[in-house]
Amino acid sequence: MTRNPVEKTPVTLLGLGAMGTALARTWLAAGHPLTVWNRTPARAAALAAEGARVADTAAEAVAANTLVVVCLLDDASVAEVLAGTDLTGRDLVNLTTGTPAQARAHAEWARERGARYLDGGIMAVPPMVGVPEAGGYVFYSGSPELFERHRETLAVPVGTTYVGEDAGFAALHDVALLSAMYGMFAGAAHAFALIRKEDIDPAALAPLLADWLVAMAPAVHRTADQLRSGDYTRGVVSDLAMQVAGTPTFMETAEQQGVSPELLGPYFALMRRRLAEGSGEEDLTGVIDLLVR
């Protein structure tokens with residue numbers, strides 16, 4: 001006697017950009033029945049050949065399945081695309097990049113229309129989708145029951161990390177991590193600019209720079225501990241007074257190398273401001289309080 005294979009959750013996917021197409025292919029490859037819709041129908045042709053059902057309208061796609069995943073260009077597109085659909089009884093998962101406030105507004109908007117809502121922040125690029133060893137994942141926030149119901153299906157393309165019932169938390173975690181990434185890129189840009197006019201191979205500096213950034217990364221745990229305890233002097237290695245005293249060297253070196261200090265200057269200004277308040281024995285953590293309005 002043969003056993004019937006386990007039925008996979010059907011998925012509706014709205015949006016077939018690079019990320020949406022990558023998501024679609026992983027669900028199809030895993031055996032999930034998939035209905036897709038895209039503003040430009042031609043983008044769905046290849047997926048149709050791979051087994052996806054192509055809906056003529058967003059409303060038709062939403063009606064096809066309970067689980068509806070939205071991966072569109074921007075936040076404005078979400079309300080526009082879903083405006084003419086019946087969301088009653090639907091499990092709406094929004095993977096479109098947006099702000100925490102936008103996510104909370106969408107959650108309320110969906111609730112008023114009889115839908116359950118999860119917001120997602122994708123911490124991956126399309127080539128990482130469907131490749132577990134690449135380490136990509138999605139932050140999810142909103143209904144914990146809804147997340148548990150669809151966790152297995154949502155984990156097919158990339159890993160899942162649930163960050164709270166507040167629908168805005170996924171977007172907040174997404175932007176927080178990406179903000180730190182851009183800060184790192186800014187520092188790396190300044191470092192490369194310093195050697196740009198010298199007889200130094202950037203490829204020789206790169207591994208030194210990468211190793212240094214990795215070595216510095218664990219400092220975020222000390223910062224978190226200090227923020228939780230309120231004691232910014234706990235575990236200090238180089239106090240604020242010492243670090244501020246060293247900043248002129250960075251500024252003078254930039255000037256000598258013909259490099260703009262605009263990436264470092266604002267941070268150094270905050271460090272000096274914190275020191276002026278009489279916090280010389282603490283870590284750099286106090287700068288965070290200056291940023292919060």
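Reader: How much space lies in the second largest pocket?

Author: This is a predicted model, in which local features need pLDDT of at least 70, side-chain atom pairs count only at pLDDT 80 or more, and totals for chains, interfaces and linings use all residues. Residues are numbered from 1 along each chain as its sequence is written, and side-chain values use heavy atoms, with hydrogens and water left out. A pocket here is an open set of points on a 1 Å grid over the protein atoms alone, where a 1.4 Å probe fits, with protein on both sides within 12 Å along at least five of seven lines; lining residues have an atom within 4 Å of a point. With grid points joined across faces, edges and corners, and volume taken as the space filled by probe spheres set on the points, the second largest pocket holds about 390 Å³.

Reader: Which residues lie nearest the centre of that second largest pocket?

Author: Its lining has 19 residues, and α1 (18-29), β6 (116-123) and α7 each give two or more of them. Helices (H or I, at least four residues) and strands (E, at least two) are DSSP runs, numbered from the N terminus. Nearest the centre of the second largest pocket are Met 19, Thr 97, Ile 122, Met 123 and Ala 124.

Reader: And the largest pocket: which element gives the most to its lining?

Author: The largest pocket has about 2,100 Å³ of space. Its lining counts 42 residues, with Gly 183, Leu 213, Met 216, Tyr 267 and Leu 284 closest to the centre. Among the elements that supply at least two lining residues are α8 (202-216), α10 (240-256) and α11 (265-276). The most, 12 residues, comes from α7.

Reader: How many residues of the lining of the largest pocket are charged?

Author: Ala, Val, Leu, Ile, Met, Phe, Trp, Tyr, Cys and Pro count as nonpolar, Asp, Glu, Lys and Arg as charged, and the others, Gly among them, as polar. In the lining of the largest pocket, 29 residues are nonpolar and 11 polar. The number of charged residues there is 2.

Reader: Is Thr 12 buried or exposed?

Author: Thr 12 sits in strand β1, and its side chain makes a polar contact with that of Asn 65 at 2.9 Å. (A polar contact is a pair of N or O atoms within 3.5 Å; within protein, one must be able to donate a hydrogen and the other to accept it, and residues adjacent in sequence count only if both atoms are side-chain atoms.) Buried means under 20% relative accessible area, exposed over 50%, and partly exposed in between (1.4 Å probe, protein chains only). Because its relative accessibility is 0%, Thr 12 counts as buried.

Reader: Which backbone oxygen does the side chain of Thr 21 reach?

Author: Thr 21 belongs to helix α1 and is buried, at 17% relative accessible area. The side chain of Thr 21 spans 3.1 Å to the backbone oxygen of Leu 16.
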